[in-house]
Amino acid sequence: MTTATENTATGAAGDGPPLRTASMHTRTLPGWFPPVLLVACAAVVSGALFALGSFHPASATVLTALVYLIAIVVASAVVENGRKATDRLVTGIVYCCFVLAMVPLVSLLTTVVVNGVRRFDLYFLSVSMNGVIPSMDAGGVYHAIVGTLVITGIATAISVPVGLLTAIYVVEYGRGRLKAAITFFVDVMTGIPSIVAGLFVVALWIMIFGPGQTNGLAGAISLSVLMIPVVVRSSEEMLRLVPADLREASYALGVPKWLTIVKVVLPTAVAGLTTGIMLALARVIGETAPLILTAGTSSTRINANPAEGQMMSLPVFIYQQVRAMGSSGDAGVFSEERAWAAALTLILVVMLLFLAARLVSRFFSPKLGR
Amino acid sequence: MTTTDSSATARIPKGKRRLGDVVFAGSARGAGILILLILAGVATFLLIQSVPSLMANTGNFLTSTEWDPNTNEEPRFGVAALIFGTVLAALIALVLATPVAIGIALFIVYYAPRRLAAILGYVVDLLAAIPSVVYGLWGVVYLVGELRPFYGMLETYLGWIPLFAGPVSSTGRTMLSAGLVLAVMILPIITAMSRDVFQQVPQANREAALALGATRWEMIRMAVLPFGRPGVIGGAMLGMGRALGETMAVAMILSPSLVISPFLLQSGNQTIAAHIALEYPEASGFGVSALIAAGLVLFAITLAVNMGARFVVSRRKEFV
């Protein structure tokens with residue numbers, strides 16, 4: 001078997017005397033060859049593009065990738081064999097896929113940071129848009145930050161108890177049809193489009209308070225519709241990780257089931273639960289669509305009362321400024337700057353939540369299995 | 001799994017049930033039922049609130065492309081163009097994202113250095129953490145301008161394919177731009193699902209392939225991809241569900257019009273979600289009710305796609 005492939009391989013290479021020594025392996029390209037080839041391709045492509053006077057990072061990268069893929073396949077087909085050449089081609093493509101995914105991430109983050117820092121300062125964070133007319137080079141996001149804190153705070157206060165209790169039911173108590181139904185519909189609920197969650201609260205509010213009522217509470221409820229299934233999903237996974245031994249040890253001491261859950265299961269899983277909740281929060285804090293429908297888009301003043309009047313939030317603020325970007329002259333420029341700075345603020349908040357979640361799970365997880 | 005079984009069987013001895021147990025179990029059960037009620041509430045409230053406009057509608061709701069409900073008499077509106085745009089945007093995103101996501105998942109599981117893999121997975125997850133409104137801002141201010149020359153090339157060389165027929169929109173705010181941004185947004189979901197199934201491929205299968213002299217790609221083709229197919233399909237459908245309901249990126253990037261147009265490089269088309277977000281602030285008369293009806297259609301579509309995805313994924317579990 002081995003000798004047969006080797007013979008065809010050396011036959012395909014077709015140069016020099018047939019290899020007689022190594023019977024266990026065919027000829028292979030040295031390990032340093034692909035990276036060196038890649039660098040060479042990049043140099044040749046960039047040089048050619050500069051010579052032609054049409055250098056652009058995007059086109060240079062794409063052409064380098066193409067030239068490299070062709071070169072490595074040819075080299076591998078000549079030195080190695082057809083199957084190895086296919087393998088090298090796929091390896092190249094898989095690496096390209098990853099790089100391709102990094103392009104938008106890097107591009108987006110650099111664009112936001114570069115454009116955002118122009119206006120991102122203490123003034124921007126500490127004033128509202130109250131009384132700012134479009135042509136004024138002023139205003140900030142304080143009212144939006146307050147709104148975001150109030151709305152996501154209420155949403156968390158609703159979602160965490162409901163989500164956690166549901167997860168406890170599914171993992172500790174549930175059996176039969178109800179458990180199956182809850183598991184299935186929580187999955188379905190994760191797929192509800194955010195705008196539909198907003199419309200749900202709009203419909204609810206029309207039935208309770210009549211048409212045209214927007215306030216922070218409505219926004220918080222629409223966000224909790226989106227947040228609850230995420231909390232349930234992550235809490236469920238964390239509770240399942242708690243070893244059965246701990247529960248059984250507790251039962252053996254005569255501790256009631258509910259106390260076992262409260263005093264043994266939850267404390268063991270607390271780091272994972274916190275991480276899950278923070279990630280859920282990071283997800284809903286950037287939600288825009290439901291808040292446009294429920295909390296209004298035109299508030300400019302500081303409003304910390306969720307039951308009264310429109311409430312601005314960071315994502316809606318970005319949207320509002322983008323809509324104002326079309327206006328002529330300086331007004332459009334100021335709006336765009338405010339939009340980027342607010343986007344930077346929002347991304348920083350989300351990234352901090354993400355990072356904090358990772359740190360919590362890394363440092364506070366109980367060390368099990370020892 | 002074992003934890004649930006054992007905790008379920010570890011009953012408290014017969015006799016009086018403690019008050020604490022009754023209250024706690026009851027509230028946990030109540031929370032679960034509340035979730036079912038919320039979901040039922042979403043469907044029923046949307047249905048109830050959409051009825052008035054549907055009754056008053058003088059056009060055909062499912063086949064008309066007009067949208068003129070902001071009046072108190074004779075509203076005319078339909079969702080045909082919106083459904084077309086929604087599905088078109090999601091399909092573009094799906095076609096662009098799925099192959100790349102499979103590549104990334106393979107990269108993380110089988111190609112990347114073992115110590116880097118977790119970090120790289122985390123970096124891909126960051127794509128999911130970026131709020132959609134920021135994607136929209138980046139798309140409309142930066143990306144569409146960068147894409148313009150590329151669209152010009154597409155038209156020049158591929159213009160004979162009807163999809164890429166010109167004239168190219170001068171702003172670049174087209175369906176293809178929106179679909180491209182949606183593709184970036186659903187990339188992490190499809191990657192995560194694919195990664196999970198690729199990691200679960202039994203080691204015996206992979207090693208058997210390698211022992212037979214397979215190259216890494218042959219091992220993936222013979223052992224990994226057949227095993228992972230249902231998971232990848234499920235992930236792709238979940239991603240499509242997300243793309244169908246995505247609002248802000250489309251609302252901000254696309255320059256909309258209510259037509260049914262297959263020309264991806266020209267402005268036009270509109271999705272249900274983006275239409276709701278853009279129209280809602282100006283809605284009057286039957287307007288809000290009509291938008292709720294459109295939202296109900298979106299809800300039904302995403303529900304069907306998501307349930308299909310869950311079905312595909314869960315069938316895999318039985319198969320293994």
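Visitor: How far apart are the end C-alpha atoms of residues 145-357 of chain A, and what are the helix and strand percentages of the span?
Guide: In this predicted model, the end C-alpha atoms of residues 145-357 of chain A are 21 Å apart, and the span is 79% helix and 0% strand. The UniProt record, an unreviewed entry, gives these residues as "domain: ABC transmembrane type-1".

Visitor: Which residues of chain B does UniProt list for "domain: ABC transmembrane type-1"?
Guide: The unreviewed UniProt entry lists residues 83-309 of chain B. In the model that span is 77% helix and 0% strand, with its end C-alpha atoms 20 Å apart.

Visitor: What makes H3(A) roughly antiparallel to H4(A)?
Guide: Helix H3 (residues 57-79) of chain A packs against helix H4 (residues 82-116) of chain A at an angle of about 160 degrees, and their axes are 8 Å apart. Angles over 145 degrees count as roughly antiparallel, and H3(A) is therefore described as roughly antiparallel to H4(A). The crossing of H3(A) past H4(A) is right-handed.

Visitor: Which residues meet where H3(A) and H4(A) are in contact?
Guide: From H3(A) come A:Ala65, A:Leu69, A:Ile72, A:Val73, A:Ser76 and A:Ala77; from H4(A) come A:Lys84, A:Ala85, A:Arg88, A:Leu89, A:Gly92, A:Ile93 and A:Cys96. By class, the residues of this contact are nine nonpolar, two polar and two charged.

Visitor: What residues make the contact of H4(A) with H4(B), and how do they divide by class?
Guide: H4(A) contributes A:Phe98, A:Ala101, A:Met102 and A:Leu105, while H4(B) contributes B:Leu120, B:Val123, B:Val124, B:Leu126 and B:Leu127. The contact has nine nonpolar, no polar and no charged residues.

Visitor: How is chain A divided into domains, and what separates their centres?
Guide: The domain assignment gives domain 1 (2-116) and domain 2 (125-364) of chain A. Taken over C-alpha atoms, the centres of domain 1 and domain 2 of chain A are separated by 45 Å.

Visitor: What is the helix content of residues 92-114 and of residues 264-285 of chain A?
Guide: Residues 92-114 of chain A are 100% helix and 0% strand, with end C-alpha atoms 32 Å apart. Residues 264-285 of chain A are also 100% helix and 0% strand, and their end C-alpha atoms are 31 Å apart. Both spans are among those that the unreviewed UniProt entry gives as "transmembrane region" in chain A.

Visitor: How many helices and strands are there in chain B?
Guide: Chain B has eleven helices and two strands, and along the sequence the pattern reads α-α-β-β-α-α-α-α-α-α-α-α-α. Along the principal axes, the C-alpha atoms of chain B fill a box of roughly 65 × 65 × 30 Å.

Terms used: Residues are numbered from 1 along each chain as its sequence is written. Chains are lettered from A and ligands numbered from 1 in the order in which they are written. This is a predicted model: local features need pLDDT of at least 70, side-chain atom pairs count only at pLDDT 80 or more; totals for chains, interfaces and linings use all residues. Side-chain values use heavy atoms; hydrogens and water are left out. UniProt positions are given in the numbering used here, feature names are shortened, and annotations may be inferred rather than shown by experiment. Helices (H or I, at least four residues) and strands (E, at least two) are DSSP runs, numbered from the N terminus. Axes are lines fitted to C-alpha atoms, for helices over the stretch in contact, and angles run from 0 to 180 degrees between N-to-C directions. Angles under 35 degrees count as roughly parallel, over 145 as roughly antiparallel, 65 to 115 as roughly perpendicular and the rest as oblique. A crossing is left-handed if the near helix is turned anticlockwise from the far one by less than a right angle, and right-handed if clockwise. Contact means heavy atoms within 4.5 Å. Ala, Val, Leu, Ile, Met, Phe, Trp, Tyr, Cys and Pro count as nonpolar, Asp, Glu, Lys and Arg as charged, and the others, Gly among them, as polar. Domain bounds come from an automatic or database domain assignment.
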